[in-house]
Amino acid sequence: SFLKQKRKEKKPLSNFLILPVQRVPRYILLLEDLKKNTDESHPDYMDINNALVMVTEITEAINEGQREIENLSQCLSIQH
């Protein structure tokens, strides 16, 4: 199975958890390119723009959460 194969590789779980987070900025680039190449009069233009705004806001929230986790981790490492 997939899990057995990945366990044999002896990689930490954190290596796999970061992958979905790395995809989000790629979506921004894709949507920016799609918006740039879509005429403003096209019926999908506003949906593309709205999706770009949403994904950008999600990315900012993820980044802020990551900063908070890193700060908390540093505080805990200092205490111990």
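Residues are numbered from 1 along each chain as its sequence is written, and side-chain values use heavy atoms, with hydrogens and water left out.

The protein chain has a mean pLDDT (the predictor's confidence in each residue, from 0 to 100) of 85, and 85% of its residues reach 70 or more. Among the helices (DSSP runs of H or I, at least four residues, numbered from the N terminus), H1, residues 2–8, has the lowest confidence in the chain at a mean of 74, while H3 has the highest at 89. Where pLDDT is low, the predicted coordinates should not be read in detail.

Helix H3 has 35 residues and reaches 51 Å from its first C-alpha to its last, close to the 51 Å expected at 1.5 Å a residue, the expected span being 1.5 Å times one less than the number of residues. Its buried residues (under 20% relative accessible area, with exposed over 50% and partly exposed in between, for a 1.4 Å probe and protein chains only) are Tyr 45, Ile 48, Asn 49, Leu 52, Val 55 and Thr 59.

Leaving out residues up to four places away in sequence, Ile 48 is in contact (heavy atoms within 4.5 Å) with Leu 31, Leu 34, Lys 35 and Thr 38.

Thr 59, which lies in H3, counts as buried because its relative accessibility is 12%. Apart from neighbours within four places in sequence, Thr 59 touches Val 24 and Ile 28, and a polar atom of its side chain lies 2.8 Å from the backbone oxygen of Val 55.

The structure holds one salt bridge (a side-chain nitrogen of Lys or Arg within 4 Å of a carboxyl oxygen of Asp or Glu). Arg 67 forms this salt bridge with Glu 64, their closest N and O atoms being 3.1 Å apart, and both residues lie in H3, three residues apart, about one turn of the helix. Arg 67 counts as partly exposed because its relative accessibility is 43%, and Glu 64 likewise counts as partly exposed, at 35%.

Note on methods: This is a predicted model: local features need pLDDT of at least 70, side-chain atom pairs count only at pLDDT 80 or more; totals for chains, interfaces and linings use all residues. Helices (H or I, at least four residues) and strands (E, at least two) are DSSP runs, numbered from the N terminus. A polar contact is a pair of N or O atoms within 3.5 Å; within protein, one must be able to donate a hydrogen and the other to accept it, and residues adjacent in sequence count only if both atoms are side-chain atoms.
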